[in-house]
Amino acid sequence: METFNFKETMPVPAQVRISMSQNIIDDCEPLVKVGDHVRVGQDIGLDKKFPDMPIYSSVSGTVAAIENYQMASGLTSNTVLIDTDGKQEPSPDLGTPKISSKEDLVKAIRKSGTIGTAGAAFLNHVNMDDLLSGKIDTLIINGTEYNRYSDLERHMILENSDNIIKTISCMDRFLDIKKYYICLDSSEKDAAAKMKYETRHNDLYNVDVVTLADNCPPGSDRVILYETTGEIAPPSSLVEDLGVAVTNINSMYYIGEYLRTGMPLVSKRLVVKGSAYRKEKEIIAPLGASIADISDFCGGYTSKPQKMYLGGAMLGRHIDSDKYPLEKNNNLILAYLEDHPGLREEIDCEDCKRCQHVCPEGLLPHKLYEAFENKDIATLKKLDIEKCSSCGRCSFVCPARKPLTFLHDVAKSYVRE
């Protein structure tokens, strides 16, 4: 099969800032102090609850500071600031993992650094426990693009499907998974053909490549389950309760890279796009690089951007600066000189109820928004805010450009408090 090369690799910047809260669990505690020399792939942060899920250094250099820093999400995180030396010396502790049991494989997945790589934190620590227990017998690998601005996962398949096949083969050998589905957009015929060829060529006959209508990203695990298998999960249940786990191409790709090379996720493939850039690119950048440094690698701005977004149409958010560091769940940076038709400013809710019609959980997102704005915890509970799966569909269709998914996530934290 034909191979492709879509990406460019960004040189190491002068500094990187590594967040200690990238695992979508608790903040990790720094394992280093100011003045320490660090190497690529070295553990620099540790979660005491999950010691086999560290935060890694993406560069070699010297720790310049350990400090709280406001991230693009608006939340403050403890961060490790590193002055790079340009040598990119790998940590001597790195090595290709030896896999001889399901416990070895699950530990390798955790240590690969892929926990929390996607916006919705696919393949989380709960999924890992289910894999160990044998509860999961079906794995859905979601390759549908979450926004209209990127073909990242398609490119990963076309350029290097070996990593994805490596992961599936290892899982098929050591885990209790009986059936795999790879879901792709119906427009991605070349990627679908590639995966069909590779799975058959590697004797993975329990893998089905499924194409889904690309009129709206599936988002919710329950929606993906239904569109892939026709099976319906009750709104109050998790797909794991049916023996199903959902991950994505992105995670499977980076797990395979770790299984082959022993290098955890220390750099991220992403798309840099928009009228403010001199050059639009698909690049590989070290985690912790600032958006400003990434922009400079793309030739800088033609003029000061009027609008910048981190992420796309589903879960992306407006950012007020390019000072923020790259995190492992960032796949897309958009910068525009003026208003973009797909990225307008918020306006008042028109009560059109489009969000209600597309919600896979049967919720009323516009009413949840009102309750959130009024800080009405009782109504949030009454409207079942906890059932929101953060799929992003409501944000995707909202003509008023309300960041409904993000606000629902904040509202859920209010209710839990």
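This is a predicted model: local features need pLDDT of at least 70, side-chain atom pairs count only at pLDDT 80 or more; totals for chains, interfaces and linings use all residues.
1. Two strands are said to pair if DSSP finds at least two bridges between them.

2. Among the residues concerned is Glu67, for which Thr79 in strand 8 is the bridge partner. The hairpin that strand 7 and strand 8 make has 5 residues between the strands, and in this hairpin Gly74 takes a positive phi near 95°.

3. A further group of strands deserves a careful look, namely an open sheet of 3 strands that has the order 3-5-6 and antiparallel pairing. Its edge strands, each of which pairs on one side only, are strand 3 (29-30) and strand 6 (50-56). Strand 3 is joined to strand 5 (residues 43-47) by 2 bridges, and within this pairing Pro30 has Gly45 of strand 5 as its bridge partner. As background for a first reading, strands of a sheet pair through backbone hydrogen bonds, in either a parallel or an antiparallel way.

4. Which backbone angle is positive at Gln88, although this residue is not a glycine? The angle is phi, with a value of about 50°; the point is worth a remark because most residues other than glycine have a negative phi. Gln88 lies in the loop between strand 8 and helix 1 (102-111), and its relative accessible area of 28% makes it partly exposed.

5. A second residue of this kind is Asp351, which is not a glycine and yet has a positive phi of about 55°. Asp351 is found in the loop between strand 17 (332-336) and helix 9 (354-358), where it is partly exposed, with a relative accessible area of 40%.

6. How many disulfides does the model contain, if the two sulfur atoms must lie within 2.5 Å? The count comes to 0. For Cys398 the reason can be followed step by step: the closest cysteine sulfur, in Cys352, is 6.5 Å from the sulfur of Cys398, and this is too far for a bond. Cys398 is buried, its relative accessible area being 12%, and Cys28 likewise counts as buried, at 3% relative accessibility.

Notes: Residues are numbered from 1 along each chain as its sequence is written. Side-chain values use heavy atoms; hydrogens and water are left out. Helices (H or I, at least four residues) and strands (E, at least two) are DSSP runs, numbered from the N terminus. Buried means under 20% relative accessible area, exposed over 50%, partly exposed in between (1.4 Å probe, protein chains only). A disulfide is a pair of cysteine sulfur atoms within 2.5 Å.
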